[in-house]
Amino acid sequence: MKDYAWLALGFETVLLVVAGVALYFLWRQKNKWGRVSDLFEDSMGMPGRGLVFFDAEEKFLKANRQAYEFLPFIHKEQGDILTLDSFLNYLYDHAIEYDESLKNAIDKTARQQDSQDFREVIEWGEGSICHVEAKKTEGKRVVFVLDDISDLREHEQQFLRLNRYSHELTQAIEAAATGIIISDPKTENNPVIFANDAFCKLVEMPRREIVGNDWAFVLDALDNHDAAQSLFQAIKEGEATDIEVAISREASPRWFSVKLTPVKDSAERLDLFIGIFTETTEQKLREAEAFQGQKLEALGQLAAGVAHDFNNVLSIIDGYVRLASNEIEEGSKVSDYLEHTRVATKRAASLTQRMLMFSRHKIVTQDVIDLCEVVREQETLLRPLLDASIRFTMRTPPRQVCIEGAPDKVGQILMNFAVNARDAMPDGGAFMVEVKEVEKEELPSSIPEEEKENRFACLSVTDTGMGMDKETLNRVFDPFFTTKEQGKGTGLGLSMVYGLVKEIGGTIDVQSAPGRGTTMAVYILMSDKEPSRQVAGNVEDIKNLQLNGYTVLVAEDEPDLRMLVGGMLEKLGMTVIEASNGNEALAKQEDFEGKIDILLTDVVMPELNGVKLAELFQSLREETKIIFMSGYPANGKMARVELPEDAYFMAKPLEYESLARLVYQRLRENDNSNIDEEREVASAHWQTGGPAEQ
Amino acid sequence: MGNGAELKDLKVLLVEDQSEARAMMRNMLAELGITQIFEAPDGKEALQFIDSAYEFINIIMCDWNMPSMNGVELLRQLRTVDPDMPFLMVTGRGDLESIVEAKTSGVTGYIKKPFSAAQLEAKLRIIVHRIAA
């Protein structure tokens, strides 16, 4: 039995061995055919891949269905003998040039495969392309693998487009004037992953310090703690925010509109945080200026309204006071009281006059003047207004700076500036008046961009006084706004300046900070024309003195004398208007639209005497200066008319030189009745001389 | 009024709706030696006066701003019947437009409120000169 058992065991072993050998052969076989059968299997599972086999003799062996589709010509050639050579020729014929990017894309997909002997991209069907590579198998066969890569090309191009697009986008974002910052809330601390140039400049930090840091760190650089806090809060909550922040790094603050936007991914998780910082400073300034302009406009209308009504009331008061004083004995107490009432009424009237000066901004055609000369002429008037403890400097360029305006307006502007500066420097300091032509870049933002192409003159005053805070600055032109003690100022000075500047078509800009003094600058469009009024020569060389552009009205009843005097004045270059009596003089002045600088009137005339004419004339034309002439000595016994105490008088017969000298002297005087000063400034009423020589 | 006319020869119709202002102007005119002064509180009455008693006046002094009929309207109506009557417009407005409007509607003169006695005298003298010329 034992033998049988062994036998049985042996049989079993034989069976196992046979099975093993069979398996071995099968395995060998599989290995032998390995790649090819793999490829066949692959092709079954990958319908996009075509396969073409050639045997070792380079004869066509087989192709799969996909290959026939790619290469329809194989069908036709099948009956004949398709050689490797002709197949390759066909491929070369249909090969296309492919660009670098496609090549890269193919390389990427081909890298995992074995080395190839042949690689080409051919065209098949309409616009489709196919990648062909050939490999030699172990059995010297050649297999061509064909892949449709039309999609690949499309994708590659799309990828390229995207790539270029994103490159351009990045560049655009970098170049943007808007500060852009992106953070990654998925990472701990929400670090900044991107910040463009504008943002780096805004926070004045290098990019390497921004990128990688958290928001709190970055926002701290904003110099605005509150704004940083509220932004940080919004970031913490993952909320969208849109706020406006002011960042005041130096004296002038910058405003930014800050928009924070959380971006979520498809699963509604916070993916990115985008912060956009847009500078709105200019817009803010413009808004503030528009607001300021509107406010002043409204105040002007209000002031004008009040002034008009008030003037009506004042004229009634004045009228009745006048009547009452006629009824009262002169020298009595009541007459004294009434006189006080009249003086007060007059002061009230001058106040309303100044209010009106603020509100009327009508620009009327004006003369061309040399700003430098006009300003230099003011020097003698400005000095006495300033205290001795104030150092006064005047800077004017040696050449002319012509503008269209009126010299008296420029004078009033300067005098009000000077009074203001003096009061800002109770302990002394320095005051500088400067005239210059300014560059486009120096112009304030309140001048519209398109106007900046023109040439502008700048008349500025700078003091070393206490300066103004922002609040004061905002109200500096408001009528009745004053920081001076009660009784020291009416708060109309700078309002008047504002009105005057508007009237000469200028723009005013104030720069000031507490403790840093104040600069007030008036920008005026320059004129290409020559000044219409020009004094040539000087009083030392009276024979050659020329007073071009000035106007004189001669009132004289004696026709020969009138012509003689008129001729002398015309020789001086003046425009002469002649009148034979007082009434005619008044009528002629009404018809004359320009400025009449001087009224030269005979004292004794029928109907209306010279003194009365002068009074009536000045009631209509305050600015006109008067010179009397008479054959009688002034206020002498023979004179039938009494001249005012401070009158200027020429004795007949008139001499050319002394007439010219006196006319010149009177023209050089300046009027300063419109300074915002309640108190009397002795120097403001100075005279260059008393009653003139006879 | 012929040549050599004087202020005191003026015969004035004062048109002004506010009685105080009217009284004030009357007093000013009286101060200038003018004795013939008539008054009307509005344009309608002024036109009636001119219609029925024009011999008594040779100048009209009229406020611009009046209810119902303003100075310019009164002047326009006046000019249809009397193109030469001197007309001094009293205005509270000193702006260029108002002055131009006053001038083009045919005023002989205009005077801005508030005015002094000297200003009124000057304006009246100009009118006297114009009439004489």
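A:Asp151 is placed in helix α6 (residues 150-175) of chain A; helices (H or I, at least four residues) and strands (E, at least two) are DSSP runs, numbered from the N terminus. The model is a predicted one, in which local features need pLDDT of at least 70 and side-chain atom pairs count only at pLDDT 80 or more, while totals for chains, interfaces and linings use all residues. Residues are numbered from 1 along each chain as its sequence is written, chains are lettered from A and ligands numbered from 1 in the order in which they are written, and side-chain values use heavy atoms, with hydrogens and water left out.

- A:Asp151 counts as exposed because its relative accessibility is 55%; buried means under 20% relative accessible area, exposed over 50%, and partly exposed in between (1.4 Å probe, protein chains only).
- A distance of 9.9 Å separates the C-alpha atoms of A:Asp151 and A:Cys130, which stand 21 residues apart along the chain.

**Chain A as a whole**

- Chain A contains 20 helices and 24 strands.
- Of the 694 residues in chain A, 44% are buried.
- Among contacts (heavy atoms within 4.5 Å) in chain A between residues at least 6 apart in sequence, 61% join residues at least 24 apart.

**Helix α18 of chain A**

- Helix α18 (residues 582-591) of chain A is mostly covered, with eight of its ten residues buried.
- Among the buried residues of α18(A) are A:Gly582, A:Leu586 and A:Glu590.
- The buried residues of α18(A) pack against β20 (551-555), β21 (575-579) and α19 (610-620) of chain A, together with α5 of chain B.
- Where α18(A) starts, a side-chain oxygen of A:Asn581 comes to within 3.1 Å of the backbone nitrogen of A:Asn583.

**Salt bridges within chain A**

- Over all chains, the structure holds 35 salt bridges, each being a side-chain nitrogen of Lys or Arg within 4 Å of a carboxyl oxygen of Asp or Glu.
- A:Lys259 and A:Asp242 join their side chains in a salt bridge (3.5 Å, N to O).
- This pair links distant parts of the chain, with A:Lys259 in strand β9 (residues 254-264) and A:Asp242 in strand β8 (residues 241-247) of chain A, 17 residues apart.
- A:Lys259 is partly exposed, at 43% relative accessible area, whereas A:Asp242 is exposed, at 51%.
- A salt bridge (4.0 Å, N to O) also connects the side chains of A:Arg208 and A:Glu209.
- A:Arg208 is exposed, with a relative accessible area of 68%, and A:Glu209 is partly exposed, with 33%.
- A network of salt bridges links A:Glu174, A:Asp197, A:Lys201 and A:Arg207.

**The interface of chain B and chain A**

- The size of an interface is often given as the accessible area lost when the parts come together.
- About 2,500 Å² is buried between chain B and chain A, 58% of it on carbon and sulfur atoms; buried area is the accessible area (1.4 Å probe) that two parts lose on being put together, summed over both.
- In chain B, the residues that lose the most area to chain A are B:Met24, B:Arg125 and B:His129, together 21% of what that side buries.
- The contact involves 25 residues from chain B and 27 residues from chain A.
- Five salt bridges are found across this interface.
- The elements of chain B that give two or more residues to the side touching chain A are α1 (19-31), α4 (96-104) and α5 (117-132).
- The most is given by α5(B), with eleven residues.
- The residues on the side of chain B that touches chain A divide into eleven nonpolar, five polar and nine charged; Ala, Val, Leu, Ile, Met, Phe, Trp, Tyr, Cys and Pro count as nonpolar, Asp, Glu, Lys and Arg as charged, and the others, Gly among them, as polar.

**Salt bridges between the chains**

- The side chains of B:Lys123 and A:Glu590 form a salt bridge (2.6 Å, N to O).
- Another salt bridge (3.9 Å, N to O) is formed by the side chains of A:Arg322 and B:Glu31.
- A:Arg322 lies in helix α11 (residues 281-327) of chain A and B:Glu31 in helix α1 of chain B, so the pair joins two chains.
- A:Arg322 counts as buried, at 12% relative accessibility, whereas B:Glu31 is partly exposed, at 37% relative accessible area.

Note on methods
A polar contact is a pair of N or O atoms within 3.5 Å; within protein, one must be able to donate a hydrogen and the other to accept it, and residues adjacent in sequence count only if both atoms are side-chain atoms.
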